[in-house]
Amino acid sequence: MFSTDFLDLAPLEEAGGTVVLPGSKSISNRVLLLAALSGGTTVVHDLLDSDDTRVMLDALRALGCSVEEQGGSIAITGMAPPPSGGRLGGGRSDVDGGRPHPNPPPEGEGARKLFLGNAGTAMRPLTAALALLGGTYELSGVPRMHERPIGDLVDALRQLGCRIDYLGNEGFPPLRIHPATALQLDAPIAVRGDVSSQFLTALLMALPLVASRDVVIEVVGELISRPYIEITLNMLQRFGIAVRREGWQRFTIPAGSRYRSPGEIHVEADASSASYFVALGAIAGVRQPVRIEGVGAGSIQGDIRFVEAARQMGADVASGPNWLEVRRGAWPLKAVDLDCNHIPDAAMTLAVMALYADGPTTLRNIASWRVKETDRLAAMATELRKLGADVEEGADFLRVRPPRAWSAARIHTYDDHRMAMCFALAAFNPAGAHLRIEDPKCVGKTFPDYFEALFSVVQTSRPHIPVICVDGPTASGKGTLASEVARRLGYHYLDSGALYRITGLAATRAGLVLDEAHEHSIAKLAGSLDIVFSTAGRVLLSGQDVTDAIRTEEAGMNASRVSALPAVRTALVALQQGFRRLPGLVADGRDMGTVIFPDAQLKVYLTASAAQRAERRHKQLISKGISATLAALRADLEARDHRDSSRAVAPLKPAEDALLLDNSGQTVEESVAQVLRWWEEKQPFSTK
Ligand SMILES: Nc1ncnc2c1ncn2[C@@H]1O[C@H](COP(=O)(O)OP(=O)(O)OP(=O)(O)O)[C@@H](O)[C@H]1O
Ligand SMILES: Nc1ccn([C@H]2C[C@H](O)[C@@H](COP(=O)(O)O)O2)c(=O)n1
């Protein structure tokens, strides 16, 4: 996951390849709660690992469920009591036929506090389940969760006899739930269906806990987002509850309903997440398709119907039971006028596809966008306008006219994963306008590795991929500076010196003398090195860890020797240039700006006095327990500087367009801040 402050997207050109999608958030959180409410153990395969599912798992643990990892799957042992179980809330009327929470917080003791982040799929169903299970609880979330309505659900639960107080604003979390006294199950329970379908889902999942008789739910108003109710009914069926339905207005939970674990259950991939890759294929699947694995025509998720909308806009989609393959069909995409009530989440992706359409696109019946992670109607309109689109925002619709002239834009993401994910698709704009996605880690809610997945299936020409070069003499702090700048920007990092160090080591181990007479043998060796830079920061040569072996002063000197051989340098060019991958690269060495990446967008030549550098290296070695004298180190580094800058090929020198940075008097943070400032000044959306 990219945990940087922002992620800059270079202009993208094409897409093609395969993505395997993570599990559905909607299914994952339903399955977790149902497993918790069932007796015995349920092994859940392919569960989504994201912010919202972690919130649910933490809550279930706090409620006394056992959650165990089993070879990549999760085993949940539910909190339901044995069939002979006692009474609701551990001591209330049996008339209601309710079952008790097996582990409720004892009355009189403080409430059990559950923090549910911004997960509506945890807050709503847990409110209903805990109100019926008994015990005292406080349910809270992030500030935005406290702005998301829950009053209609609380009203429905109060009709039943549940006792729930608002701890902040009336109608919104946080909530305090008290044990119910007696439940009124004889009259139908009315719940509004036109604000969020999660209220009905919450009741459908909670009421089987107390269904000593038929329990009827009546939906008031037009039920929105029906496909989500279909998922709920489907999951309930898997856990032994056969809800009877009359149209979309009346639902009956049969008397005697009792949760039964299916033992094992697979979570299908997320159809809403698929929408970004369907759109990607429609926009950029020019020479090859984008193949999406984990979800397909057989999906139980309503958002799979996004595929129909994408087809209407021109996408060429083939599908199988759990895969989709999408290519560009019509281009530009076709403008549409669509009712999106059935695909509220995925419809956000259509709003970004509309930027590439041949006229204005209107998305209707999307009032529910206003009560999601953010007010998505307002947010979408604001951000689309930044790109140059002409946007009309109604109470429950959005009309998007594609930009006549695209602008580079910083996209604010409002802590809303879907804003980040769908706006990334604007990077294919024909004007090559740059995009900055702010707070990219918000995708952690449903798809933590979204950007990694995206970068694995998009292509752009090399010159578009940003590169920052940091060249300079030994111990000037290049590696320290370059790796930190890369971390802050979410870019890849190339330590080119390591490649020469590895070459020197491999040649020495092969018994080669590091001189001109062996130039071609060493070059051949350099061209066939099996090197792995592990994510844990280790360097492997032919599977062997050489991280420490290449860091000695002797290895540095040997690297300097082999680096003076022209054939060796040539042998390493392609390997170094191969590090230029999306979203960008920071490379350090001696010739990054002069030879390897002459078109780099920013070149820094980093220096410090020889005395400073010797001192830094001395400290560095001492901290590793390696003894050295300052004088010897200074003599060594001056000898290395001399060899590196006087060799015939690619000598150490500043590129003509490099910015000089003498960090003798700077801290590491000061030099990092300086380079980031220079980088920022080069961005098209710079505030300057
Ligand atoms: N601005 C700075 N101020 C003080 N110390 C620094 C600064 N930058 C780096 N250092 C320290 O100097 C030491 C050498 O830095 P680093 O290894 O990054 O240099 P380098 O130029 O990459 O060296 P080499 O080319 O030999 O690999 C490190 O211990 C680092 O923490
Ligand atoms: N781009 C590069 C990187 C390194 N070298 C040579 C010269 C150095 O003395 C040696 C070790 O580099 P370090 O790890 O100290 O950065 O490798 C080069 O010629 N070109």
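1. Serine 28 is buried, at a relative accessible area of 0%; buried here means under 20% relative accessible area, exposed means over 50%, and partly exposed is in between, with a 1.4 Å probe and protein chains only. Serine 28 belongs to helix H1, residues 25-37. Helices (H or I, at least four residues) and strands (E, at least two) are DSSP runs numbered from the N terminus. The side chain of serine 28 reaches the backbone nitrogen of leucine 48 at 3.1 Å. Leaving aside neighbours within four places in sequence, serine 28 is in contact (heavy atoms within 4.5 Å) with Gly23, Leu47, Leu48, Thr53 and Val267.

2. A word on the ground rules. This is a predicted model, in which local features need pLDDT of at least 70 and side-chain atom pairs count only at pLDDT 80 or more, while totals for chains, interfaces and linings use all residues. Residues are numbered from 1 along each chain as its sequence is written, chains are lettered from A and ligands numbered from 1 in the order in which they are written, and side-chain values use heavy atoms, with hydrogens and water left out.

3. Next, the annotation. An unreviewed UniProt entry gives "domain: Enolpyruvate transferase" for residues 16-70 and 113-454. UniProt positions are in the numbering used here, feature names are shortened, and annotations may be inferred rather than shown by experiment. Residues 16-70 are 45% helix and 25% strand, with end C-alpha atoms 34 Å apart. For residues 113-454 the figures are 28% helix and 21% strand, and the end C-alpha atoms are 38 Å apart.

4. Where does UniProt place the feature "active site"? The unreviewed entry puts it at Asp345. Aspartate 345 sits in the loop between strand E19 (337-339) and helix H9 (347-353), and is buried at 8% relative accessible area. Beyond its neighbours within four places in sequence, aspartate 345 is in contact with Tyr228, Ser272, Asp303, Lys372, Arg376 and Arg418. With tyrosine 228 there is a side-chain polar contact of 3.1 Å. A polar contact is a pair of N or O atoms within 3.5 Å; within protein, one must be able to donate a hydrogen and the other to accept it, and residues adjacent in sequence count only if both atoms are side-chain atoms.

5. Ligand 1 may interest you for its oxygen contacts. Of the 19 residues around ligand 1, Thr474, Lys478, Gly479, Thr480 and Gln666 come nearest; a residue counts as near if one of its heavy atoms lies within 4 Å. Polar side-chain atoms of threonine 474 and of lysine 478 each lie 2.6 Å from an oxygen atom of ligand 1. For glutamine 620, the corresponding distance is 3.2 Å.

6. Helix H19 (residues 610-623) has 14 residues and spans 20 Å from its first C-alpha to its last, close to the 20 Å expected at 1.5 Å a residue; the expected span is 1.5 Å times one less than the number of residues. Its buried residues are Ala610, Arg613, Ala614, Arg617 and Leu621. Seen down the axis of H19, these fall within an arc of 100 degrees, so they line one face of the helix. The arc is taken over the directions from the helix axis to the C-beta atoms. Exposed residues Lys619 and Ser623 are on the face turned away from the buried side. Cover for the buried residues of H19 includes helix H16 (553-563) and helix H20 (630-646). Just after H19, glycine 625 takes a positive phi of about 80 degrees.

7. How many of the residues of H16 are buried? The count is 8 of the 11, so H16 is largely enclosed by the rest of the structure. Among them are Met557, Asn558 and Ser563. Helices H14 (496-509), H15 (519-527), H17 (566-577) and H20 are included in what covers them.

8. Finally, ligand 2. It is surrounded by 16 residues, the closest being Arg501, Arg569, Asp591, Arg640 and Asp644. The side chain of serine 563 has an N or O atom 3.3 Å from an oxygen atom of ligand 2. For arginine 640 that distance is 2.8 Å, and a polar side-chain atom of arginine 647 also lies 2.8 Å from an oxygen atom of ligand 2.
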